[in-house]
Amino acid sequence: MKPLKVALLGCGVVGSQVIRLMHEQAGDLAARIGAPLELAGVAVRRLGRKRDIDVDPALLTTDAEALVARDDVDIVIEVIGGIEPARTLIVSALSRGKSVVTANKALLAEYGATLYEAARTGNGDLYSEASVAGAIPLLRPLRESLAGDHVKRVLGIVNGTTNYILDKMDTTGASFTDALEEAQTLGYAEADPTADVEGFDAAAKAAILAGLAFHSRVTAADVHREGITEITATDVASAKAMGCVVKLLAICARSDDGRSFGVRVHPAMIPRTHPLAGVREAYNAVFVEAESAGQLMFYGKGAGGAPTASAVLGDLVAVARNRLAGTRGPDESTYADLAVHPMGETVTRCHVALDVADKPGVLARVAELFAKHDVSIQTVRQEGHGDDAQLVIVTHRATDAALAATMEGLRELDIVRAVASVMRVEGDD
Ligand SMILES: NC(=O)c1ccc[n+]([C@@H]2O[C@H](COP(=O)([O-])OP(=O)(O)OC[C@H]3O[C@@H](n4cnc5c(N)ncnc54)[C@H](OP(=O)(O)O)[C@@H]3O)[C@@H](O)[C@H]2O)c1
């Protein structure tokens, strides 16, 4: 069989592992596809850079656009990252009728519509399994295996760096700063950790997951985002006392009437009995609730060269098979076109710890404030006495707007010395 020619854009952490796997598994890949794969070229930024693997120098080029434009290239793998030049290169490849495999969540969450349009026009495939949760098969199960079901909610730990930090805070009592420093030393966090700890990386993934789950177009701008930089050892201890653990969650949930959905990324307490609570260190997991399938959990390595390359290779085999069969895989599905509702309309529960004066009438005034905002209290517990008295309250489900107004009111009450900890509670309904 004539080989299918593959252009690789990027030869860093992921790209070098893609080359290794293409080489080591050449025979198996050819058998599975029905034709051999041949690396046509590898675009990089710096030709002379020392690489993790040996690459034939004749394959390396800094002219990615020329590589993509070559008539003999069938499939383009983009593992450069970021918006430009990745966007221009992918559109160029797709509009020339080539198929594209990418691991680029930031690009898909921002320009997904443009890219899928280019794939339709060029009659090629655009596959992106590696863009969310690295090695974990997740996008194809959502798009294909669950195509006959009705997804109600997706709850995910999709950022390994923040999960590592929160796990350290939970198991050792460390502060955020100390846990971040340890993550940086061990290579789990970048020198500039902003994209991870402020939730930008998870928000891009949440947008991709919500779009797939609810057959609607979602961009990163639709995602309500809060990071973990404000999480204190007190928050983590408070969660522990309640039998919970703090996780940074990406949550995509349909409204009760099914007409809209919310997409958000924020830290939340989840019960230690929830399957996501057992996701330790830098692992990822995504918990899907579908009408007929019920609860499903996808777990594994969300990053790393080889795990991510495994997902890229899976896509490579799929798009190669499609090309040989003269067909395309499933297109993006946005027919439902549901609206994304604002965060204020999202319904959630809340845990709040208040430092209060230990005197008669305090509880009544606090309860009155919750009632004023139509937030009902599920449990209340007092800890300590005198100057150390703390009220720990967990609410029933209420809109985020009502909960925010209640917290604002609490901060203004003269009997409340400090609002020591506020956090949403998820995963127990
Ligand atoms: N790393 C992970 O664990 C992981 C997990 C999931 C998804 N991803 C995604 O995979 C993609 C790649 O990540 P990575 O970690 O492999 O990145 P990386 O290690 O920084 O590698 C990026 C590669 O792109 C090349 N490059 C940069 N600008 C270029 C340009 N203008 N033209 C041609 N080549 C260019 C670089 O060339 P030089 O080598 O010459 O500098 C390098 O080889 C990103 O979209 C990322 O979000 C990564």
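Guide: Two strands are said to pair if DSSP finds at least two bridges between them. With that rule in hand, one may turn to the model, which is a predicted one. Strand S5, which covers residues 99-102, is joined to S6 by two bridges, and these two strands run parallel. Within this pair, Val 100 stands opposite Leu 126 of S6.

The pair belongs to an open sheet of six strands, and the pairing in this sheet is parallel. Read across the sheet, the order of the strands is S3-S2-S1-S4-S5-S6. At the edges stand strand S3 (60-61) and strand S6 (126-127); each has a single partner strand, so one side of each is left without a neighbour in the sheet.

A helix also packs on this sheet: helix H12, made of residues 305-325. Helix H12 touches strand S1 (4-9), strand S2 (37-43), strand S4 (75-78), S5 and S6. The direction of helix H12 makes about 170 degrees with that of S5.

The domain assignment of the chain places residues 4-135 and 305-325 in domain 1. It also gives domain 2 (150-301) and domain 3 (343-425).

Leaving aside residues up to four places away in sequence, Ala 64 touches Leu 9, Ala 43, Pro 85 and Leu 89. Tyr 111, by comparison, is 47 residues from Ala 64 in sequence, and their C-alpha atoms are 20 Å apart in space.

The ligand may be considered next. There are 25 residues around the ligand, and those that come nearest are Gly 10, Gly 12, Gly 81, Ala 103 and Ala 303. Helix H1 (residues 13-24) gives the most to this shell, with three residues. By class, the shell has 13 nonpolar, eight polar and four charged residues.

The centres of domain 2 and domain 3, taken over C-alpha atoms, are separated by 24 Å. In this meeting, 12 residues of domain 2 are in contact with nine residues of domain 3. On the side of domain 2 that touches domain 3, helix H11 (233-241) and strand S10 (260-271) are the elements that give two or more residues. S10 gives the most to that side, with six residues.

Definitions and conventions: Residues are numbered from 1 along each chain as its sequence is written. This is a predicted model: local features need pLDDT of at least 70, side-chain atom pairs count only at pLDDT 80 or more; totals for chains, interfaces and linings use all residues. Two residues are in contact if their C-beta atoms, placed from the backbone, lie within 7 Å. A residue is near a molecule or strand if its C-beta atom, placed from the backbone, lies within 6 Å of it. Helices (H or I, at least four residues) and strands (E, at least two) are DSSP runs, numbered from the N terminus. Ala, Val, Leu, Ile, Met, Phe, Trp, Tyr, Cys and Pro count as nonpolar, Asp, Glu, Lys and Arg as charged, and the others, Gly among them, as polar. Axes are lines fitted to C-alpha atoms, for helices over the stretch in contact, and angles run from 0 to 180 degrees between N-to-C directions. Domain bounds come from an automatic or database domain assignment.
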